[in-house]
Amino acid sequence: MAGNLYLMAYNLALVLGWGYCLYLTIDTMILKHGSTADLWKVVELPLKVSQTAAVLEVLHSAIGLVRSPVGITGMQVASRLWVLWGIVNLVPEATTRGAVSLGGPSLQLQLGGLSLPLQLNLATLLAAWSITEVVRYSFFAVKEMLRTVPYPLLWLRYSTFIPLYPIGVASELSMAYLALPTIRKQHMWSLDMPNAYNFGFDYTIACYIIIATYLPGLPQLYFYMLSQRKKVLQGAAGGAGAGAESKKSR
Amino acid sequence: VYKDYDACFSFSQTLHKLLAAQLISSDQDNTCTCSVATMKLDIVARSGRTLTTLDVNPDSTVAELKKKFHIFSRKYYPARQRLTLPVKPGEKRGTVLDDSKRLSDYGLTDGSKLEFKDLGPQIGYSTVFFWEYFGPLVVYPLFFFLPKYLYPHLKTPAQHHLVQKLAVGYWCLHYSKRIIETFTVHRFGHATMPIFNLFKNCAYYWGYAAFVSYFVNHPLYTPPNEKISMACLGLALVAQLGNLKSHLILANLRAPGEKDYKIPRGGLFNFVTCANYTFEIWGWLLFSLAVQSVPAYAFMITGALQMTQWAIAKHNRLRKTFDGKDGRPKYPRRWIIFPPFL
């Protein structure tokens, strides 16, 4: 076999996990005309398993199995886990039912016979995350198996982020927007002084700090990915086939 | 005309100056008795592009070579230059040239290539140490002396608890000690470090100082048993003395100018490779036990993790150097940093 058997298995398993999440999203929201609450009922477990499994990637970096920088991988995984467990799952009444509207009720997306209001909600979050992850893990699985990646997959890996990254980030921030009023009111996940630990922690403030540190990094990251795209796709189109990727399997 | 006057002149100070001058003024055959065969060295960038070719004397030092390169490119002062021999098969990185060694020590000859790397803007080690330790010395007491401003939403108690007073005293004593050591005890292996480290290190020390101090000096701080706290801080002071003694032993390991590794001996070093870190960790552990505050424990654990990383590297370096072969002593069996764990 060309690459590491364990990594192949890991990446394939996650393609299946996220693929299932994507299927559930399309099935519930479009085929069955369901609500985001219906979606959460079915996708909750597969999503939690697939996303939480990503902590293994930090381990892979740390032990050198994979050549990603531990710090960056850690931050990306931490950010996803915070949104999933610290926002969506913490206040599901607000996050799995609410939405942030873009442009008012008159603005609708026509999809075949279906009218979808233009809004950011759990479904847009799931769509952005699961499409991105299916592409990403397929890419790494194929790379591990064949040592090279066919151009269509390379193209997907370096192009789908263009719409999905902004949609994903906007959806994550929307989830926080929906959850924070409740988090603040109920003083969730917080510790007040005085106590035996001589330590205090206000989760609401922590969330605001996380969001504040999020924001400046986003345009930087987006433009970095755009420049990587140019380099990789031009290189691949120019040279014989694809596979000349400087980033490493996760 | 004495063609090699320049080469001879750069060779070594007054003696050659005199010799060369003598030779010029004489009518004799104009050959210098000193070795003036110069050689050309290609200084190459990491991309492979030759930056410049320098004409040097094989007996000159790496430091002198770096001075010449600095003349070629004013931007890269010697402390910013890293010169390496070409990478040999099996090596991750080419051998780094040491400033004090001669070019001939590395077997460099005419036409040899050296790889140049820009280490980025550099700043002195002692400068960084001073600023990173000065922060905590100032920041921690702020929360002790100015609670009305730093906890504006809370009522300030009339008096601090004894533990809080002792804690601020211990903290300031610790960082004063560190600053004094920086200028009187420590001998740094390198003169400079990248300037980015100044901000990184200061963020760490100043940040943690504020984090620990905010909670220990908090108006709603709950003090633990006074007697136990006093005992712990007393023992922490003993640990600081141990740490100071360790630093003095380390400072005296090398004679001025010596660059080689030595086996540390004396005090706790007979049992632990990085005895200085052992005492430091004990100091912060005892401080945490004295104040009973999660941020203090967090500070101790973070420091211990970093020191452990350094200690493992140092321990392995010493074991590799002192392998017992070719007349070299064998590095004794020792704990790395914190018996009985590592």
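The accessible surface of chain B comes to about 19,300 Å², and 62% of this belongs to carbon and sulfur atoms. Such areas come from the Shrake-Rupley method with a 1.4 Å probe, and for residues only the protein chains shown count as cover. Chain A exposes about 12,600 Å², of which carbon and sulfur atoms supply 70%.

The model is predicted: local features need pLDDT of at least 70, side-chain atom pairs count only at pLDDT 80 or more, and totals for chains, interfaces and linings use all residues. Residues are numbered from 1 along each chain as its sequence is written, chains are lettered from A and ligands numbered from 1 in the order in which they are written, and side-chain values use heavy atoms, leaving out hydrogens and water.

Chain B has ten helices and six strands. Helices (H or I, at least four residues) and strands (E, at least two) are DSSP runs, numbered from the N terminus. Of the 342 residues in chain B, 40% are buried; buried means under 20% relative accessible area, exposed over 50%, and partly exposed in between, with a 1.4 Å probe and protein chains only. An unreviewed UniProt entry places the feature "domain: Ubiquitin-like" at residues 39–116 of chain B. UniProt positions are given in the numbering used here, feature names are shortened, and annotations may be inferred rather than shown by experiment. Over residues 39–116, chain B is 14% helix and 27% strand, with the end C-alpha atoms 18 Å apart.

Chain A has nine helices and four strands, in the order α-α-α-α-α-β-β-β-β-α-α-α-α along the sequence. Buried residues make up 47% of its 250 residues. Along the principal axes, the C-alpha atoms of chain A fill a box of roughly 60 × 55 × 30 Å.

Helix H3 of chain A spans residues 55–63, and its buried residues are Glu57(A), His60(A) and Ser61(A). They fall within an arc of 95° seen down the helix axis, so they line one face of H3(A). The arc is that of the directions from the helix axis to the C-beta atoms. On the other side of H3(A), Ala62(A) and Ile63(A) are exposed. The cover over the buried residues of H3(A) includes helix H1 (5–31), helix H4 (70–88) and H6 of chain A.

Helix H6 (residues 122–146) of chain A also holds Ser138(A). Ser138(A) counts as buried because its relative accessibility is 16%. Leaving aside neighbours within four places in sequence, Ser138(A) is in contact (heavy atoms within 4.5 Å) with Val15(A) and Leu153(A).
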